[in-house]
Amino acid sequence: DEPAGVALLCWGPEGGKNKCSETPVSCALPGYCLATSAVASKAVVVPRIVGGVGIDPPRLYQFLVHLGNCGGTLIAPQYVLTAAHCAPYIPVGHEVKIGQHYRNPPSPDACVETMHVESIVSHESYESSTTNNDVALIKLTGVSQYAPIDHLDQPGDGTWHVDGTDLVAAGWGTLSPGGSQPNIAQHVTVPAVPDCAATNYGNRYNPDTMVCAGAEGVDSCQG
């Protein structure tokens, strides 16, 4: 069990109260927060998890970022990748939490880094009608001590599109279509489905800008 503690206050003059718009100062996380290696290199952070289970141990995915109603992925110490369709709800100054396990912590969590959005930029070719290029980049007001994700889809890398390749989706989203959100972060393994156009998703699927995955009863978009 993790010891109870006071929420981490790392930012601002002399380690003062989360003044994340100012220059961050040295403030180390408790060692147990970083004890788990972020080995799940192909995880995808999403806002809804159907058919998943609670993440155990906490912070198995150290790059998992809580943005309120959306999730994000820490891709560099000061940068978070999220969905462009979330950008309207993530203004400059919006609170960002890294290392969070409970959506509503029962007590202050010393493992949670609280920062804010310095800037957010959506993909220049994002199309809300088709969700093509549905990515946005957040710059944080501070530098995270957690490990960024160690593997991302690279140009020409077709690994994620190979039929049956296991991918992991993680977040705090609803547990069933139209259902309630869990209090602790969930994850679920979903197989890649290259013939996504043949599913209910239809002709909106674009393999150049999207990854299709899922199976009956396990999903990351309410089934």
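A residue counts as buried when its relative accessible area is under 20%, and this cut-off will be needed several times in what follows. The structure shown above is a predicted model, and a search of the whole of it finds three disulfides. We can begin with the pair for which the cut-off is applied to each cysteine in turn.

Cys196 has a relative accessibility of 3%, so Cys196 counts as buried, and Cys212, at 12% relative accessibility, therefore counts as buried as well. These two cysteines form a disulfide in which the sulfur atoms lie 2.2 Å apart, and with 65° about the S-S bond their link is right-handed. Both partners, Cys196 and Cys212, are found in the segment after strand S10 (186-191), and they are 16 residues apart.

Turning to another part of the chain, we find Cys70 joined to Cys86 by a disulfide with an S to S distance of 2.0 Å. Because the torsion about the S-S bond of Cys70 and Cys86 is about -90°, this disulfide is left-handed. Cys70 sits in the loop between strand S3 (64-66) and strand S4 (71-76), whereas Cys86 belongs to the loop between strand S5 (79-82) and S6, so that the link connects distant parts of the chain, 16 residues apart. Both Cys70 and Cys86 are buried.

The remaining pair is Cys33 and Cys111, whose sulfur atoms are 1.9 Å apart in the disulfide that they form. The link of Cys33 and Cys111 is left-handed, with -85° about the S-S bond. Here the chain positions are 78 residues apart, with Cys33 in the segment before strand S1 (43-45) and Cys111 in the loop between strand S6 (95-98) and strand S7 (113-122). Cys33 and Cys111 are both buried. If the bonded cysteines of the protein are numbered in sequence order, the pairing of the three links reads 1-4, 2-3, 5-6.

Several of the strands just named also take part in a sheet. Strands of a sheet pair through backbone hydrogen bonds, and the pairing may be either parallel or antiparallel. In this model, six strands make a closed barrel in the order S3-S4-S5-S8-S7-S6, and their pairing is antiparallel. From one strand to the next, the twist averages 40°.

Definitions and conventions:
Residues numbered from 1 in each chain as written. Predicted model: local features only at pLDDT ≥ 70, side-chain atom pairs only at ≥ 80, totals over all residues. Heavy atoms only, no water. Disulfide = S-S within 2.5 Å. Helix = DSSP H or I, 4+ residues; strand = E, 2+ residues; numbered from the N terminus. Buried < 20%, exposed > 50% of the residue type's maximum accessible area, 1.4 Å probe, protein only. Pairing = 2+ DSSP bridges. Axes fitted to C-alpha atoms, helices over the stretch in contact; angles between N-to-C directions.
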